[in-house]
Amino acid sequence: MQRSILLILSHPAFERSRANRALLEAVRDLEGVRVHDLYEEYPDFAIDVEREQGLLREHDVIVFQHPFYWYSVPSLLKEWMDLVLEYGFAYGHAGHELDGKWWLSVITTGGGVESYCRAGGNRFTMRELTAPLEQTARLCGMHFLPPFLVHGTHLLNGPQDFRPVGAEYRELVGALRGGRLTPQEVAGRESLNLGGRVLGDG
Ligand SMILES: Cc1cc2nc3c(=O)[nH]c(=O)nc-3n(C[C@H](O)[C@H](O)[C@H](O)COP(=O)(O)O)c2cc1C
């Protein structure tokens, strides 16, 4: 089964982005992936809620790709969540439109991988810091996949530094689209980063 993918990109200064740009370039030509750039669509934050809900209805996998801002999502994505994930649509007695869809957060961080642990400067793991996103997905009846992470972006320089993670991201999105990866298989993982192993191959 081919799953349709909605990639919701949220970056307030995409023209200056290196990490998110490299990630997007790695997947944007994949068949069955619709890229939806929130800051481009709604520079004045006037989100068209009905349109956004329609897009969610039409897709099976929702990818939220963004930089980590103050241990959270950029403000327009938070506004989008506040408005689009409405009672009666996403949750509540009659709100079942998102039931069974998959949520993948793809997050880039300035902090290095070693900083996201008890002993590190950021003190908490990414799974702990993304708990509000995970629980939001759950409340909406969605399957929250372990996040795909790019840490230490400040230390990555040229396009060559981003190439391996871009290739991994492309493989991940392809696997999600082609049904070679399911939420059950990856439940409990810290992240969907593989360190080179081929997705869906055991
Ligand atoms: C307002 C703001 C808040 C940020 N907060 C964090 C943070 O909480 N943790 C972190 O590791 N990096 C943080 N950063 C660094 C960004 O995550 C990093 O610059 C970004 O992921 C790089 O991706 P890009 O090249 O696509 O912009 C922050 C940056 C900005 C501008």
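Which residues in α1 meet which residues in α7? Ala-19, Ala-22, Leu-23, Ala-26 and Val-27 on the α1 side meet Phe-162, Val-165, Gly-166, Tyr-169, Arg-170 and Val-173 on the α7 side. The model is predicted.

**Packing of α1 and α7**

- Helix α1 spans residues 19–27, and its axis comes within 8 Å of the axis of α7.
- The crossing of α1 and α7 is right-handed.
- Sorted by class, the residues in the contact of α1 with α7 are nine nonpolar, one polar and one charged.

**Packing of α3 and α4**

- The axes of α3 and α4 are 10 Å apart, and the two helices pack at an angle of about 85°.
- This angle lies between 65 and 115 degrees, so α3 and α4 are roughly perpendicular to each other.
- From α3, the contact is made by Val-49, Glu-52, Gln-53 and Leu-56; from α4, it is made by Trp-80, Leu-83 and Val-84.
- By class, the contact of α3 with α4 has five nonpolar residues, one polar residue and one charged residue.

**Burial of α3**

- Helix α3 covers residues 49–58, and its buried residues are Glu-52, Gln-53, Gly-54, Leu-55 and Leu-56.
- Strands β1 (5–9), β2 (33–37) and β3 (61–67) are among the elements that cover these buried residues.
- The cover also includes the helices α2 (38–41) and α4 (75–84).
- Glu-52, Gln-53 and Leu-56 are among the buried residues of α3, and these residues also take part in the contact with α4.

**His-151**

- His-151 sits in the loop that runs between β6 (148–150) and α7 (159–178).
- The relative accessible area of His-151 is 19%, which is under 20%, so His-151 counts as buried.
- A polar contact of 2.8 Å joins the side chain of His-151 to the side chain of Thr-109.
- Not counting residues up to four places away in sequence, His-151 touches Thr-109, Gly-111, Gly-112, Val-113, Tyr-116, Met-126 and Leu-156.
- Between His-151 and Ala-167 there are 16 residues of sequence separation and 16 Å in space, C-alpha to C-alpha.

- Leu-129 belongs to helix α5, which comprises residues 126–129.
- With a relative accessibility of 17%, under the 20% limit, Leu-129 counts as buried.
- Neighbours within four places in sequence aside, Leu-129 is in contact with Phe-68, Tyr-71, Tyr-116 and Phe-124.
- Thr-125 is placed in the loop between β4 and α5.
- The relative accessible area of Thr-125 is 21%, which makes Thr-125 partly exposed.
- Thr-125 touches Tyr-116 and Glu-190, not counting residues up to four places away in sequence.
- From Thr-125 to Val-113 the sequence separation is 12 residues, and the C-alpha atoms are 9.3 Å apart.

**Positive phi values**

- Phe-45 is a residue other than glycine with a positive phi, near 65°.
- Phe-45 is found in the loop between α2 and α3, and at 30% relative accessibility Phe-45 counts as partly exposed.
- Arg-123, also not a glycine, has a positive phi near 65°.
- The loop between β4 (102–108) and α5 holds Arg-123, which is partly exposed with a relative accessible area of 49%.

Technical notes: Residues are numbered from 1 along each chain as its sequence is written. This is a predicted model: local features need pLDDT of at least 70, side-chain atom pairs count only at pLDDT 80 or more; totals for chains, interfaces and linings use all residues. Side-chain values use heavy atoms; hydrogens and water are left out. Helices (H or I, at least four residues) and strands (E, at least two) are DSSP runs, numbered from the N terminus. Buried means under 20% relative accessible area, exposed over 50%, partly exposed in between (1.4 Å probe, protein chains only). A polar contact is a pair of N or O atoms within 3.5 Å; within protein, one must be able to donate a hydrogen and the other to accept it, and residues adjacent in sequence count only if both atoms are side-chain atoms. Contact means heavy atoms within 4.5 Å. Axes are lines fitted to C-alpha atoms, for helices over the stretch in contact, and angles run from 0 to 180 degrees between N-to-C directions. A crossing is left-handed if the near helix is turned anticlockwise from the far one by less than a right angle, and right-handed if clockwise. Ala, Val, Leu, Ile, Met, Phe, Trp, Tyr, Cys and Pro count as nonpolar, Asp, Glu, Lys and Arg as charged, and the others, Gly among them, as polar. Angles under 35 degrees count as roughly parallel, over 145 as roughly antiparallel, 65 to 115 as roughly perpendicular and the rest as oblique.
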